[in-house]
Amino acid sequence: VTANLEPQTFSQAVKDERWRLAMQEEIRALDNNGTWTFETLPQGKKAIGCKWVYKIKYYSDGSVERYKARLVILGNNQTEGLDYNETFAPVAKMVTVRVFLAVAVAKQWELHQMDVHNAFLHGDLEEEVYMKPPPGFHPPTSGHVCRLRKSLYGLRQAPRCWFSKLAGALKRYGFEQSYADYSLFTLHKGSIQVNVLIYVDDLIISGNNNTAIQTFKQYLNTCFHMKDLGTLKYFLGIEVARSPTGLFLCQRKYALDIISEAGLLGAKPAGFPLEQNHQLPLANGPPISDPERYRRLVGRLIYLSVTRPELSYCVHILAQFMHSPRQEHWDAALRVVRYLKGNPGQGILLRADCDLQLSAWCDSDWAGCPLTRRSLTGWFVLLGHSPISWKTKKQHTVSRSSAEAEYRSMAAAICELKWLKALLISLGVAHALPMKLYCDSQAALHIAANPVFHERTKHIEIDCHFVRDEVMSGNITTQYVSSHTQLADIFTKSLGKKQFDYFLRKLGIHDLHAPT
């Protein structure tokens, strides 16, 4: 990976034959797509500049796939109301991706992946936008500029234009858009079911009929320039391995990149990510000289927690000091990297023997923040025995008792459970049985089960009504669990190695790359 360098400017790239061919291929694709026409710039209009962005694409094993040159318009020079209006476009939540895969594995469905070539170039542009000619290429008539007819990478409205075009194509085929996640589309025709999940220009397709999936792929090829990547194996940096036991998700290459960038490939591994009884919020050491490096590292750790639930708490703590990180914060972040050094291939297993029933664990750390005295909420959700959702989050207000903090965490977990139930219904999975919620606070469980309002609970009356209504309606059943077996404990505090390893085994976390 380090042997190939990506050029930063056009003058660097034009000296290399591989990048010249990549730029010619990109211009050819833009011309074939009818992305622009050459016109004289009207009076009062301004042409926006553009630049080349160069990227080497790699396979999951680190070998080079291709050299990609992308023409990008400088959308930061656009003016709202003049050459763009709405810009929002939905992308799949990572929780949705895990649920989508867990359901497919449990039902023994096939999983396919497709990619759209130059996806943003397919969007139809409504606004009048003019662009300067690309560096290294000249218009047929001197003085002309490019008037964009279709969206281009870098335009503020480009993601919205593309998603609108793709959603329209799917709906014409008969797909319905889910209200639980707008990036999920489902097709039901008799006994045939096909599901599609969209993350910008990457599509995951699952279904119970291989012929129906192939027919749908052919339809997409008639609409867009598609690339069929076959069986799902590598998606958004997540490595996917399927076996009769289930689907294993990990980010081994991504973790190794983090370790390498931090210069810790030869370091001694740490047994657990964060020291117990740390006082990072009260750190008063010297500010680090390069805060950008800290922000980059923590940002990468945030994405790594997509398949590493045990990192949720430490990443939550480290992300609070992005503005002005100190030496203690940097040392703590490097300790997390040293923990990764011991098990870079660790990930989650979505089991095939799944009953598709939701259960959740919720916990809180009362007044855990020494600066604001706000409590910490942590929850963990299983679909059968497959981990699909987890979170560590600071509560919005100060709780006056540990029971109140636990109760707020119950309310947050129930919100997640209700949304997941709606998502499962979109995927054709009925959840008739009540969803189980495990809590280690007897007081919070008592408030949830009994209509008691007095001076200690009236200020959380809305949460009380919300939780109790779900319990009374039979959607949720609450159960007490001791603190020693509370799975959400790892999401609210730093634990010692013995406790940490115990919870790792219970969370459905595995390491296929570990020696046996």
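Guide: Two strands pair if DSSP finds at least two bridges between them. The model discussed here is predicted.

Visitor: In what order do the six strands of the open sheet run?
Guide: The pairing in this open sheet is antiparallel. Its six strands take the order 7-8-9-10-4-11.

Visitor: Which strands stand at the edges of that sheet?
Guide: An edge strand has a single partner, so one side is left without a neighbour in the sheet. That applies to strand 7 (176–177) and strand 11 (226–231).

Visitor: Which residue is the bridge partner of E176 in strand 8?
Guide: Strand 7 and strand 8 (residues 184–189) run antiparallel and are joined by two bridges. In strand 8, E176 has as its bridge partner T186.

Visitor: At about what angle does helix 4 run to strand 8?
Guide: Helix 4 covers residues 158–173. It lies across strands 4, 7, 8, 9 and 10. Its angle to strand 8 is about 10 degrees.

Visitor: Why is the pair of Y173 and F175 stacked?
Guide: The structure holds 16 aromatic pairs. Planes under 30 degrees apart count as stacked. The ring centres of Y173 and F175 are 5.9 Å apart, and their planes meet the stacking cut-off because the angle is 25 degrees.

Visitor: Is F175 buried or exposed?
Guide: F175 belongs to one aromatic cluster with Y173, F216 and Y219. Buried means under 20% relative accessible area. F175 has 4%, so the residue is buried.

Visitor: How many residues apart in sequence are the parts that W361 and Y438 tie together?
Guide: W361 and Y438 form a stacked aromatic pair, 4.6 Å centre to centre with 20 degrees between the planes. W361 lies in strand 16 (residues 358–365) and Y438 in strand 19 (residues 435–439), so the parts tied together are apart in sequence by 77 residues.

Visitor: What is the relative accessible area of Y438?
Guide: Four of the five residues in strand 19 are buried. W361 is buried, at 11%. Y438 is buried too, with a relative accessible area of 15%.

Visitor: Which residue in strand 20 is the bridge partner of C439?
Guide: Strand 19 pairs with strand 16 in the parallel sense over three bridges. Five bridges join strand 19 to strand 20 (residues 476–480), also parallel. In strand 20, the bridge partner of C439 is Y480.

Visitor: Over which ring does the charged end of R300 sit?
Guide: R70 lies over the face of Y153, at 3.7 Å from the ring centre. The charged end of R300 is 5.0 Å from the centre of the ring of Y254.

Terms used. Residues numbered from 1 in each chain as written. Predicted model: local features only at pLDDT ≥ 70, side-chain atom pairs only at ≥ 80, totals over all residues. Heavy atoms only, no water. Contact = heavy atoms within 4.5 Å. Axes fitted to C-alpha atoms, helices over the stretch in contact; angles between N-to-C directions. Phe/Tyr/Trp six-rings, centres within 6.5 Å; stacked < 30°, edge-to-face > 60°. Buried < 20%, exposed > 50% of the residue type's maximum accessible area, 1.4 Å probe, protein only. Lys NZ or Arg CZ within 6 Å of the ring centre and 35° of its normal.
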